[in-house]
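Please read it alongside the sequence and the model.

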Amino acid sequence: MNIQDYFSLVLNDYTLRTITLGTAILGAVTGMLGSFAVLRKQSLLGDAISHAALPGIAIAFLLTGVKDSYVLLLGALISGLIGTFWIRSIITKTHLKSDTALGLILSVFFGFGMLLLTFIQKQPNANQAGLDKYLFGQAATLVESDVILLSCVTGICLLVMLLFWKEFKILLFDEDFTKTIGFNTKTIDILITSFIVLAIVLGLQTVGVVLMSAMLLAPAAAARQWTNSLSTMVILAAVFGAFSGVFGTAISASQNNLATGPVIVIVASIFVLISFIFSPYRGLLFRQIRFIKNRRDLKLHKTLAFMYHIAENHENISHPHTVKILNNFHGYTRGTLQKLVDKNYVSLDGQMWSLTEEGFKTAANLYSQQSKKDE
Amino acid sequence: MNKKIAVQVDDLTVAYNYKPVLWDIDLEIPEGVLMAIVGPNGAGKSTLIKSILGILKPIAGSVSVYGKPYKKQRHLVAYVPQKGSVDWDFPTTALDVVMMGTYGSLGWIKRPGQKEKKLALEALEKVGMLAFKNRQISQLSGGQQQRIFLARALVQNAAIYFMDEPFQGVDATTEIAIINILKELRKAGKTVIVVHHDLQTVPEYFDWVTFLNVKKIATGPVKDIFNDDNLTKTYGINYKVSIQE
Ligand SMILES: Nc1ncnc2c1ncn2[C@@H]1O[C@H](COP(=O)(O)OP(=O)(O)OP(=O)(O)O)[C@@H](O)[C@H]1O
Ligand SMILES: [Mg+2]
């Protein structure tokens, strides 16, 4: 099956449609929430939460003996929340750096989770196989009820975000100030964090513990490159996330047997890569182009300024001067002169040049800008 | 003196770890003064302001604003944090940041509307930043960012202003612009408390001063207590400041 077949199949094939819808919604909600994690400089948070969820899955299975995904995810949710709030209290109570606290919880919980998983695998229980799918996820197991659950959570999350938009924004930008004007920053923080935990836990089935944090970070990091507005960033992150989900599913479905979770993450990473290189303001490519252009403009402007100085001393600004005089200006080349002529700033008549009206005005403006900067 | 007391601090002690960084501070700030808090780096100036504003929890002591606990008087107080305390690469505009000054009076959930926008624009005008209203904040210079913070505090329309080093990294023009705004606030009967590092300008800018170095060294009118004795006690070295009469 190639990608085109896939897209025609999606419309007809029920299973494929369910999976695609599921990964798209998951990508959208994690992208949205990921923006908050990225802006709070808590990039590791997603990693810590998803790893912290693992022992919950194992314990839920040990306690109930069933492999029902809701039971297991409830376990994941509880242990994810416990891990998260431990991190919070470690940071506030012990003055450990937040990345230390995150790393600590991440490895302790994950280690414990792995221990439990190996223990479960040694049990003589026919039911035990397949828990390890939560490590790397298995999108194929998504069913309609999962998609409905995902949609509900996304809907509630959107609603809460719209309601508390102003509070989220101010907390992200300036926490101390937020406290002084009477908002309970803890409440806002818990609200954001709980949604992040929820989204991550819901993604475990699809993407898995190990790669889940990439779903949170990649779309948001990519979105940040394209915009300077928080709302646009959140929307873009959701769009990037959703597309990663769809394309990831498409690629893995069309290239038999490729695991969906990792492919989704790779697609999201490609979004990041493209954004880092090609975004117009922050992208590496355009920065380089701007740099080169600025340098060229500067040479041009300097030459123009030199000519302006000479022309200034004459009553008639278009009074012709000899080209030789320009040799006094360090950095003058015939090429720059030609470019100035092309731009219609200077007119050339044999070995004599003169400033045009436009050139004079441009040069004068250059000056006022420079002196403004010097203020 | 029969002036009202705007802010009263009693027996305030604050510690981040074990060692207190503020020790048993008693402080009365009369209404309508323009007060400098001076002291060396690490003296606890920012900590003092943060504790007064409830950002930090002191291990002992109490703070009251016009006779009531700070919690009940938030609407009377505005705060300009140290500029470096936020990430200026945050995706938002100058106008948006100034608008945040209205969030406190709006309360939970309610969105800022036309009225709030108008207030923010007026404040931007006052600090000479109207032309930059739609500028992404990371593309502002340090002095311009400082003005944005000041505008945000002006929007709060408070009775008491706390400012943590508003002159940090600003040029002479901006400094004069800011001090003129502060003096205007005082003229309007507001109380302004400023963490200040340039000792030379204290007598010129302020009428009240507090010397702080873990303990409160002295507090009172600049003309009475701004002298070499207190400076030496605060900074630990022999300080000579020529005070213009
Ligand atoms: N978050 C923190 N955790 C631990 N110690 C801190 C923290 N913030 C400040 N301190 C310590 O508390 C003391 C007072 O700090 P504070 O920031 O109040 O000083 P300051 O007077 O504002 O200094 P500066 O002039 O450099 O701004 C310093 O010794 C500092 O090292
Ligand atoms: Mg300070």
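This is a predicted model: local features need pLDDT of at least 70, side-chain atom pairs count only at pLDDT 80 or more; totals for chains, interfaces and linings use all residues.

Residues are numbered from 1 along each chain as its sequence is written, chains are lettered from A and ligands numbered from 1 in the order written, and side-chain values use heavy atoms, without hydrogens and water.

**Metal site.** Ser46(B) (OG) and Gln82(B) (OE1) coordinate the magnesium ion (ligand 2), at 1.9 to 2.8 Å. Donors are N, O and S atoms within 2.8 Å of the metal (3.2 Å for Na, K and Ca); water is not among the atoms, so sites may look incomplete. The two residues are 36 apart in the chain: Ser46(B) sits in helix α1 (residues 45-52) of chain B, and Gln82(B) in the loop between β6 (77-80) and α2 (94-99) of chain B. Helices (H or I, at least four residues) and strands (E, at least two) are DSSP runs, numbered from the N terminus.

**Sheet of chain B.** Six strands make an open, mixed sheet, ordered β6-β7-β8-β3-β9-β10 (chain B). Its edge strands are β6 and β10 (215-221) of chain B, each pairing on one side only. Two strands pair if DSSP finds at least two bridges between them.

| Pair in chain B | Sense | Bridges | Opposite residues |
|---|---|---|---|
| β3 (34-38) and β8 (191-195) | parallel | four | Met35(B) and Ile193(B) |
| β1 (5-15) and β2 (20-30) | antiparallel | seven | Val9(B) and Leu27(B) |
| β1 and β4 (60-65) | antiparallel | five | Asp10(B) and Ser62(B) |

A hairpin of four residues links β1(B) to β2(B).

UniProt (unreviewed entry) lists "transmembrane region" features in chain A, including residues 21-39 and 190-218. UniProt positions are given in the numbering used here, feature names are shortened, and annotations may be inferred rather than shown by experiment. Residues 21-39 of chain A are 100% helix and 0% strand, with end C-alpha atoms 28 Å apart. Residues 190-218 of chain A are 86% helix and 0% strand, with end C-alpha atoms 23 Å apart.

**Interface.** Contact (heavy atoms within 4.5 Å) involves 36 residues of chain B and 31 residues of chain A. The buried area between them is about 2900 Å², and carbon and sulfur atoms give 62% of it. Buried area is the accessible area (1.4 Å probe) that two parts lose on being put together, summed over both. Phe90(B), Pro91(B) and Trp108(B) supply 24% of what chain B buries against chain A, more than any other three residues.
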